[in-house]
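Biologist: Show me the model. I would like to learn how to read its parts and their contacts.

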Amino acid sequence: MFRHPWAPYAFIAPAFIGLFVFRFIPIGLSGFGSFFSENLRGDMVFVGLKNYAELMDDPSFWNTMRVTLIFNLIINPFQICCALALAMLVRRPSKFIDVFRLGFIMPMTVSIALTSIIWSILLDPTLGPVNGLLRWGGFQSQPFFRSEHQALETLILVATWKGAGYWMIFLLSGLLAIPKEIDDSALIDGATGIRKFISITLPLMKRPLAFVLVADTAANFLLFAPVYIITNGGPNGATQLLMFEAYQAAFAYINHGRSMAISTIILVVVLLIAMFELRLFIPAEEEQS
Amino acid sequence: MTISRRNLIKSSALGSLALAMPNIVRAQQTTLKVVWMGWPDNQVLPLMAEFEKRNPTIKLALERMPFQQIFQALEIRLNARNGDPDIFIVDSPLTASYASRGHLMELDSIIDKKRFAPSGIAAASFDGKIYSAPFGSSMQVLYYNKDMFKAAGVTPPSADPASRWTWEQLVEAGKKMAKPAENIWGFTFEQQERPYQLLPMGQSLGGTALSPDGFKASSYIDGPAFVEGFTFMQKMYTESKISPPGQFDTALTPELFGAGKCAMMVAGTFVFDTLKTKFPNLDFGVAPHPYFAKGKPVTPTGAWHFGVNARTQQKAAASQFVTDMLSDDMNVLWYKLRPYVPTLNAVWEKEASSFTSDLWKIAKYDVQNTAVPRPATPGFREYEDIVRVALRDIQSGANAQQILTAAAQKIDREIAKYKG
């Protein structure tokens, strides 16, 4: 097919080089570096598993793990349900379809840093307009990011506001790929509404859903900007996510070995969860067919 | 015309000279990379312009960063361990931290100790040598809105340090003027989460913030004095509700006071000029920093220094910067631009007329009698960051003892690496 035998490799080479330089090499350096500790003068000293042992003994690290897992357990299904609902809403042409599509994609155009700053101003308990609106409507002001009982939930909502539109696009393409004939035969057979959704739409969406789930999980495990900009891990550790803990270890405590150990742990956890999610959606037997 | 060999040599020589000219000129002109605090334009730019005027061959590549980010940003730059930046701002307690990690150049040969206040030189030293240049100290006073006091019928505090208000008196007065539902407040700290601002709450009750050797926080920062002091601070937000919670941006709190939304504010002497220029219609007075009735008056102090990167490629130009900035008239200029408490003795003499106001009488008294600097430790970066997060959590209502004990353990763990 190709004139030269190395032609196909040449085509995929740029992507692979990028993957190597920006993913595999840093992962390797990080994993390797997690076995070292930096002394005052900047020299790296081999310390074996000391960084990991310290993490296991640290109650604040376990709190971070717990908060991160709870956060992901809630936000991943929630975000994907929102994205799927939005995709189904904008699938069929309707009067305001363009307005809706624009509205859902707009959050994508704003960077996560800017999103965090804007929402932290909007949700400020004292000076923010959201509480102003609530008070005007006769409701009580909410502490949002200032309360340890509301902070994580508020963070989930802000992250979903930003992310749902993005994932909606993938699910929308999945929905639009369902052949019209299947919809028509479902109609003839009398399957409508929820029955049609469960028995026909969802099974045909398995692969897009699997992709979105895994990609969204990875993205949410690595969530950093809103924590850094708005909550700093607080109040009282309520929003202390793993990525922020890694940042703190490197730049607040100047403990690079610890930071790399945390990054390696994040990588392992995300890999395990991703493998589990893929198995859930695409069982081994199906893949072989 | 044929190109003779002579012509060829002549023209190539001229050509290379023309190409090299910009580089020759640039070589005679050095550029110093300076990282400075993000103080307002009108306070920093005239100072830097004056230096460039006196030193035409030195250009300053000035970078200013906001308070919230500058320390961590500097960590990233300094950890690269090259000559960037050449000059950087040093919060005085960080001198030991930077010096112990090899980030600062020794300045003994350029600085004459006798010209400065002993506390300034002490804050600039580590291991017996001077590593940072003292550039002003600080003092906090209580600002109050005269109109709001009059409207509520409350007698304002006196400017006499002998009749200093207690924290208890302040809360009582604040309650009479605060209307949280309308976003009107009784009192705010300028820096709601910074140890610089809040350690005196515990120190006023007799607490010590860190062990004398600078390596142990447990049983110091989590002792009963700080638990009591910080719980009192917490109640200003959660119980008496005289303070606006969550205002951690140090640029916003003076705005709240200036806009008449807050009756009282504890802030630095340097805020005086900001208020006068930005809010000319504000009728405000100054009083001494409050204290606990059963304790002793303690005021925060601490200084902005600046240092030279130990690995700078422009040693001569950097030394010139230090010498010029510490000269009598540059220091007076700096004092006029941003009125910090002077550490250079000459400024007290040259500007004696300006030190007669209420503000400066209070500042001078407190600097000499009640000021307690932040703890000296090479691990100050870590100490400050951990305590800052703890203070945030306490402000939002968490149990002070639990938070402080956890913080102390974290500090001990992180400072241990400096024991060598």
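**Reading domains, a strand and a chain contact**

Modeller: Start with two domains of chain B: 21 residues of domain 1 of chain B are in contact with 21 residues of domain 2 of chain B. Contact means that the C-beta atoms of two residues, placed from the backbone, lie within 7 Å. This is a predicted model; local features need pLDDT of at least 70, side-chain atom pairs count only at pLDDT 80 or more, and totals for chains, interfaces and linings use all residues. Residues are numbered from 1 along each chain as its sequence is written, and chains are lettered from A, ligands numbered from 1, in the order in which they are written.

Biologist: Now a strand. How do I read its two faces?

Modeller: In a regular strand the side chains alternate between the two faces of the sheet. Take strand 7 (residues 140–145) of chain B: six of its six residues are buried. Buried means 20 or more other C-beta atoms within 10 Å of the residue's own, with C-beta atoms placed from the backbone. Gln140(B), Leu142(B) and Tyr144(B) lie on one side of strand 7, with Val141(B), Tyr143(B) and Asn145(B) on the other.

Biologist: Which strand does strand 7 of chain B pair with over five bridges?

Modeller: Two strands pair if DSSP finds at least two bridges between them. Strand 7 of chain B pairs with strand 9 (residues 262–268) of chain B in the antiparallel sense. There, Tyr144(B) stands opposite Met264(B). Strand 10 (residues 284–287) of chain B also runs antiparallel to strand 7, joined by four bridges. In strand 10 of chain B, Gly285(B) is the bridge partner of Tyr144(B).

Biologist: How many residues does each chain bring to the contact between chain A and chain B?

Modeller: Chain B brings 23 residues and chain A brings 20 residues. Helix 16 of chain B gives the most to the chain B side, with six residues.

Methods:
Buried ≥ 20, exposed ≤ 12 C-beta atoms within 10 Å, placed from the backbone. Helix = DSSP H or I, 4+ residues; strand = E, 2+ residues; numbered from the N terminus.
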